[in-house]
Amino acid sequence: MGALDAIVVAAYFVFILGFGSFFSKYATTTHDFFFAGRRFSWWLIALSCVSMVVGSYSFVKYSQVAYEYGFSSTQTYLNDWMLLPLWMFGWFPIVYYSRIQSIPEYVSLRFGPRTRAVMTVLLMLYMLGYIGINFFTMGVAINALIPWSVFGWAAVTALVTALYVSFGGQPSVVMTDLAQGILLILAGFILIFLGLDMLGGFSAFWHALPPSHRTAFSPLTSPPDFAAVGIFWQDGIANTAAFYFLNQGFIMRFLSVRSEQDGRRAVFAVALVLMPLVAISVSAGGWIAAALENAGFFSVSDPKEVFIRVTNFLCRPGLFGFVVAALIAALMSTVDALINAAAAIFVNDVWRPYVRPTADDRHYLGVARLASLAASGFGLLLVPVYAGFKSIYTAHAAFTAAITPPLVTVILLGFLWKRFSAAGAVCTMVGGSLAIAFSFFVPEVIKPFAHGVEPGGEYGHAYMFMRALYGLAASLVFGTVGTLLNGARPKVSLAGLVVGQRTALIRRFKGAEPNLRPSKPIVLAVKPVDIAGYVALSTEDAERLNVEPGDHIYLCDTRWWLGGLHSAHAVLKAVEGVPGRIEVGLDILEEGRLDPKRPISVVKML
Amino acid sequence: MDKSSAFLAHFHDDDLAPAGFASRAFRNAACEFWRKSLFYRYCRIAEDWYLGHLWLRPQKIRGYLRPITYCASSVLMVQYLRPLLRRRAMTESQTSFFYQYLVGLAFFVPGLLLGHRVGAWSFKEGERGPLVLLLVVFLCYLFAQAFLEFLGPLI
């Protein structure tokens with residue numbers, strides 16, 4: 001790595017720190033800190049989600065897979081469609097309208113506080129361990145490019161991330177992830193462009209690829225570490241469900257959208273439009289490397305190094321630094337969401353219910369900031385542990401594999417099956433985890449679920465991918481048996497906690513009968529009034545917007561590219577005044593950072 | 001009869017046999033054969049179980065889910081017929097394509113039906129756009145991957 005590349009990487013760090021810190025002024029309450037005031041547009045959330053999905057290892061891992069297997073490397077990123085409608089119509093309305101702030105909080109409402117405690121402990125262990133792994137991976141990756149110290153590079157990354165997350169919260173996370181998402185997609189496409197240019201165009205690239213590299217899927221049952229059936233159950237079902245239904249960072253991102261409709265649009269764009277672009281971006285290095293090698297331009301000695309090798313081969317000084325910055329962006333955008341999510345769980349599921357239940361919001365905001373710093377610090381402390389004891393790294397991977405299917409099953413059965421009880425949930429978590437742990441020592445139990453896939457290793461390394469199907473099946477059995485044997489119906493009220501109660505949920509969210517009549521946004525001039533929480537429209541404008549006093553409306557700056565950064569939710573208090581003008585309380589204007597001199601877009605919400 | 005009722009009716013027991021291509025006697029015989037087949041019985045047992053025990057009200061959407069049961073069950077058949085498929089020149093990765101889309105539909109379609117049931121994207125209110133878009137993009141995925149899978153190695 002040359003001096004120019006190092007300057008580009010350093011400039012990236014400075015830019016992200018400055019960019020993230022700039023948005024700290026938008027986090028003045030815990031609602032802002034964790035959910036950005038629920039004000040963002042769908043495209044902002046969608047783009048920022050992309051960088052959260054792509055981890056630091058994605059470029060390295062998928063380039064290697066793409067080099068070895070070709071286009072089938074995209075399988076992992078192209079199988080989110082299966083669970084998408086269930087998320088959009090089943091899970092998302094529940095989390096959006098029930099005003100829950102964390103997954104354990106949902107578990108508490110659905111099953112009671114004991115189950116919440118188990119879920120909180122498991123999630124915190126998983127997230128803190130994962131933050132540490134991300135820092136460790138990044139330290140190793142940067143140290144390979146700029147030799148200094150694995151811990152030193154991990155510390156630099158941790159410091160930059162911790163600073164902007166601790167001060168800026170969710171607004172900073174979303175905005176920096178937006179920039180980083182664009183950066184990492186761009187990096188992959190730059191590699192494609194440079195590779196195609198060197199090979200002599202798309203046709204030359206296509207014919208330089210081995211025929212086996214041109215298929216969309218890998219063989220169904222081989223090899224053991226890349227069999228399509230294994231990817232289907234591990235990535236397509238278990239991991240996708242864990243990410244969409246269980247990942248606190250992902251859920252918080254979608255609780256930051258301004259409306260349910262925007263949430264649906266965002267997840268649609270993420271899963272079906274942006275993920276294919278990301279799949280191409282992270283795999284591009286491998287495809288280009290395979291074609292370049294076949295065409296005799298260069299050779300790869302170790303597939304694990306294919307991404308760095310091909311990037312170094314194709315990029316000029318400066319551009320190489322840009323791609324490395326994208327690699328760092330992939331890490332930071334994943335870990336910042338994890339830090340914010342860990343802080344949310346700590347504040348909402350540990351501090352607020354057990355330590356200080358009645359403090360004011362300023363207190364919780366301070367705790368949230370400290371928790372973000374603590375999560376980063378704890379993750380950093382794990383770096384030497386991971387570096388010194390590789391078995392701990394493996395143990396965390398095994399722990400994740402063991403808890404993911406049971407937790408996913410608890411959430412899915414929890415909102416899909418009314419009768420599913422707290423006893424069933426505990427049975428699922430304990431029984432499912434133990435069953436999976438047992439499979440690490442006696443992997444033969446997975447064989448009936450393996451579809452004929454070979455073990456591919458011993459003990460914990462056997463049936464790496466097919467363990468997910470076994471785990472899901474075991475968890476399902478434990479959950480069902482536990483619920484049926486328990487006999488009793490759930491004691492807690494299930495209103496709004498299971499599918500099929502959307503209208504009731506909206507009614508509870510609004511506190512009145514929802515206004516679901518069709519409406520189109522209108523643009524109005526603003527008249528500031530010194531009455532707290534006051535919003536009034538003229539009779540003509542209220543008719544155009546199809547709203548009545550008591551309805552929820554959304555006031556937004558007309559500059560679409562702000563993505564809702566300058567906006568506020570409000571309740572229509574009165575229908576009076578001059579047509580073409582909306583009267584808005586000063587407190588609402590201040591909260592939404594709305595400029596009274598500019599016209600605003602008024603949208604009916606509920 | 002609205003569209004959803006018509007769709008439901010299409011899957012009522014008496015209409016299981018394909019219509020319009022043969023005489024009534026042939027259709028009845030085919031229908032009888034179909035009902036006595038082990039595959040049909042297996043599907044009905046599975047269907048009764050999950051419709052009866054999970055969140056769905058059987059009477060309303062039993063008809064919608066029946067084809068999905070058959071699709072999921074077909075996966076098992078794909079498993080057992082794989083050696084035969086290989087002899088019929090279907091590659092292992094092409095089998096993966098069918099596996100992904102057949103089993104995947106078992107997760108995908110109930111979600112769509114759920115959306116329809118909760119009225120999120122009702123057919124009745126003329127809000128077909130998003131639902132149609134979802135299906136169109138899904139079909140794009142299916143066709144793009146099928147194209148790559150079946151024609152990619154040949155081009």
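A crossing of two helices is called left-handed if the near helix is turned anticlockwise from the far one by less than a right angle, and right-handed if it is turned clockwise. Keep that in mind for α3(A) and α8(A), where α3(A) passes α8(A) in a left-handed crossing. Helices here are DSSP runs of H or I with at least four residues, strands are runs of E with at least two, and both are numbered from the N terminus.

Before going on, a word on conventions: this is a predicted model, so local features need pLDDT of at least 70 and side-chain atom pairs count only at pLDDT 80 or more, while totals for chains, interfaces and linings use all residues. Residues are numbered from 1 along each chain as its sequence is written, chains are lettered from A and ligands numbered from 1 in the order in which they are written, and side-chain values use heavy atoms, with hydrogens and water left out.

Back to that helix pair. Helix α3 (residues 42-53) and helix α8 (residues 150-199), both of chain A, pack at an angle of about 65° with their axes 7 Å apart. The axes are lines fitted to C-alpha atoms, for helices over the stretch in contact, and angles run from 0 to 180 degrees between N-to-C directions. On the α3(A) side the contact (heavy atoms within 4.5 Å) involves residues including Trp43(A), Leu44(A), Leu47(A) and Met52(A). Facing them from α8(A) are, among others, Val174(A), Leu178(A), Gly181(A) and Ile185(A).

Now for the charged pairs. Side chains of opposite charge can pair when their charged atoms come close.

Arg264(A) and Glu260(A) make a local pair: their closest N and O atoms are 2.8 Å apart, and both lie in helix α12 (residues 260-294), four residues apart, about one turn of the helix. Arg264(A) counts as buried at 6% relative accessibility, and Glu260(A) is buried at 3%.

Then look at Arg598(A) and Asp557(A), whose side chains meet in a salt bridge at 3.9 Å, N to O. Arg598(A) lies in the loop between α21 (586-591) and β7 (600-604) and Asp557(A) in strand β3 (residues 552-557), so the pair links parts 41 residues apart in sequence. Arg598(A) is partly exposed at 29%, while Asp557(A) is buried at 5%. Salt bridges that share partners join Asp557(A), Arg559(A) and Arg598(A) into one network.

Finally, chain B. It has six helices and zero strands, and buried residues make up 42% of its 155 residues. Among contacts in chain B between residues at least 6 apart in sequence, 60% join residues at least 24 apart. The accessible surface of chain B (Shrake-Rupley method, 1.4 Å probe; for residues, only the protein chains shown count as cover) comes to about 9000 Å², and 68% of that belongs to carbon and sulfur atoms.

Key: Buried means under 20% relative accessible area, exposed over 50%, partly exposed in between (1.4 Å probe, protein chains only). A salt bridge is a side-chain nitrogen of Lys or Arg within 4 Å of a carboxyl oxygen of Asp or Glu.
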